Amino acid sequence: MISMGMTSKGQNVDGAPAGNSSSEWIISSSSSPFQANKRYSLDPPFGSDYSPPASPQNELDPLSSYFLNLQSEDSDVRKTAIEYIINTLSNPDNEKLIKNHLPMIVVLSSESPFDDISEAFTNFLKPIQEKYHIPKQRTTVFTSESQLPPLNTDDELTRKLFQDVFLQHGRVNHLTRILGWHPQYLEKFLLAYNTIMRDPGPLPLHWRNYIGILAAARYKCSYIIALQEHEFLMNNGDARWLQGIDHIPAKLKNLLKVIELLAHQPWLLPKLDIEYLVKGTDAWSIAELVHAMVLICTFLSLSGFVFCCGISPECGLSESNSLSTSFSLNDSDCEIEDTAATENTAKVMELLKNRRSQQDDEDEDQSHDRQQDFHNAGDDSQSSTTTTTTTTSTTTSTTTSASFGGNNDSSTLSQSSDRMSDFSRYIGNNTMTHTDFDVSSKLYNIFSAQEYSWREHGYELVSRYFPDAAPLLDEEFSFVYTMTYYKFNNNTDIDTLPFRRAVWYYVQRVKGMLHDDYNYQEVNMFLSRSLKNFVKKAVCFPETIKRDDYSKLGFSLKPDEKCHLSLLAVCSHKQASLLYGLYSVMNYQNRR
């Protein structure tokens with residue numbers, strides 16, 4: 001895995017020199033203590049929390065209570081439920097019941113960390129596979145299933161997380177499964193996610209889901225939209241809202257401009273006077289607005305991660321509740337040769353091994369133009385590594401949905417239904433798209449992280465209005481930035497801090513954010529053009545990522561390392577966007 005460590009001369013997550021307050025997160029094979037009473041899931045549950053049914057029969061559905069019993073820690077309870085469900089469905093007179101419960105059965109066969117459940121329902125499906133046209137379920141279209149962390153993994157923390165998620169929600173969704181590669185990060189991420197989405201806070205639960213939908217729609221992420229639409233309804237949201245923004249309250253409509261700017265050109269947000277949001281009959285309180293900023297940035301980040309890892313749709317969560325949204329690719333489809341990878345990896349290994357002595361020399365020679373270095377770091381055409389000839393660098397001009405979204409290449413995450421493809425109902429007339437940040441623009445300024453940073457300013461503002469969320473967000477940022485396995489592909493005992501740092505600061509450079517204490521020469525020193533292309537897509541227009549982008553990063557990286565790389569990119573994006581949002585709130589407060 002890409003080494004995610006910090007040396008004593010490293011930097012904190014927001015660019016400030018690391019002091020005694022910084023910590024080094026080194027991933028080992030041992031598991032950290034797990035607190036069983038905390039909730040871990042992105043999934044909407046199939047039903048209410050588990051409780052033993054008063055009666056085994058239900059007039060409307062004789063199996064519903066037994067399906068809920070599968071979410072029991074007691075193996076005997078699960079065994080009884082499995083036997084009853086299988087026996088009932090095996091009755092030739094109950095074919096209608098099979099059709100009604102088929103998506104759930106497929107989920108239980110492929111998304112359960114308990115062997116008794118997965119084996120029973122896998123065996124049940126085998127003889128009816130062809131009859132009901134059940135495709136092979138895929139977690140991701142970029143990686144073979146054999147390379148993913150097993151649902152019944154031997155790793156104690158990963159297994160506990162997967163089991164806890166299933167016991168509460170009846171499935172381990174694809175996003176959670178992918179993050180199982182990095183269980184200690186997954187644990188921290190889910191704690192933060194549940195705090196901002198499900199715990200007491202300024203905004204109602206269904207509003208949180210809807211804001212997630214609006215943010216995901218900016219990046220055309222049907223996976224996140226489907227999850228949030230489902231949970232929105234479970235939280236008693238008005239189903240009419242799902243018809244589009246013409247049916248939502250004016251207060252929510254007022255937030256659309258902020259979401260648009262944060263998604264595509266966040267550097268314009270400080271120019272937006274947010275007084276219109278906090279004044280009048282449809283006013284947002286400052287606490288609600290801070291909560292909304294956190295939600296928007298979280299779902300923009302998640303949408304990017306979904307596309308980075310090629311996460312496929314969840315069975316049973318499409319509008320028709322059908323199986324048609326599943327993917328079935330051969331494992332060989334996931335392997336695309338990257339001719340530049342071996343050469344570039346060898347170069348970077350040499351750079352990393354010699355980096356300490358080079359750094360000492362650079363500390364003495366500060367003659368280079370830092371402003372020019374900042375400009376060059378954002379230039380997609382620049383890199384010191386070899387670029388795979390078939391990889392096209394990202395355009396530096398205005399990016400429209402037509403130029404990137406019109407390709408119907410089968411290697412992209414194409415949408416499965418007209419309704420899920422129609423993101424316009426959640427966007428309306430807010431049709432802004434990405435334009436590259438221009439360091440010489442007179443219309444906006446470079447955002448100085450020294451003048452407004454997460455650690456010194458953003459954290460304090462969130463903690464004032466949403467105190468439970470601030471420390472969890474801080475820990476998530478710090479952890480993903482410093483997480484380390486001290487590996488790079490098959491190379492071990494490698495400190496890849498400069499490589500990881502280049503990814504983090506490149507993302508924030510793309511978003512117009514300057515860290516005075518970072519040497520931007522490192523971006524083009526350590527990152528290939530194809531990797532910069534992938535990272536930029538991940539944080540600017542992730543819906544355009546193809547399997548080619550994922551496979552040809554210019555370095556020899558394993559799937560879990562590519563997941564790690566993606567986490568670095570989208571978490572850096574999340575922090576940058578959040579800083580723009582919180583800075584705008586602070587500006588308004590200072591003007592009052």
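**Helix packing and a salt bridge in a predicted model**

Helix 8 and helix 13 are oblique to each other, a term used for angles that are not under 35 degrees (roughly parallel), over 145 (roughly antiparallel) or 65 to 115 (roughly perpendicular). The structure is a predicted model, in which local features need pLDDT of at least 70 and side-chain atom pairs count only at pLDDT 80 or more, whereas totals for chains, interfaces and linings use all residues. Residues are numbered from 1 along each chain as its sequence is written, and side-chain values use heavy atoms, with hydrogens and water left out.

The axes of helix 8 (residues 205-218) and helix 13 (residues 286-308) come within 8 Å and cross at roughly 45°; helices here are DSSP runs of H or I with at least four residues, numbered from the N terminus, and axes are lines fitted to C-alpha atoms over the stretch in contact, with angles from 0 to 180 degrees between N-to-C directions. The crossing of these two helices is right-handed, that is, the near helix is turned clockwise from the far one by less than a right angle. Arg-208, Ile-211, Gly-212, Ala-215 and Ala-216 of helix 8 meet residues of helix 13 that include His-291, Leu-295 and Phe-299, where contact means heavy atoms within 4.5 Å. By class, this contact of helix 8 with helix 13 has eight nonpolar, three polar and one charged residues, with Ala, Val, Leu, Ile, Met, Phe, Trp, Tyr, Cys and Pro counted as nonpolar, Asp, Glu, Lys and Arg as charged, and the others, Gly among them, as polar.

Helix 8 also packs with helix 11 (residues 256-264), the axes coming within 9 Å and crossing at roughly 45°, and this crossing is right-handed. Leu-214, Ala-215 and Arg-218 of helix 8 meet Leu-256, Ile-259, Glu-260, Ala-263 and His-264 of helix 11, and the residues of this contact divide into five nonpolar, one polar and two charged.

The structure holds 20 salt bridges, each defined as a side-chain nitrogen of Lys or Arg within 4 Å of a carboxyl oxygen of Asp or Glu. One of them joins the side chains of Lys-188 and Glu-475 (2.9 Å, N to O), linking distant parts of the chain, since Lys-188 lies in helix 7 (residues 183-197) and Glu-475 in helix 19 (residues 469-482), 287 residues apart.

The mean pLDDT of the protein chain, the predictor's confidence in each residue on a scale from 0 to 100, is 82, and 77% of residues reach 70 or more. Over residues 15-40, however, the pLDDT is below 50.
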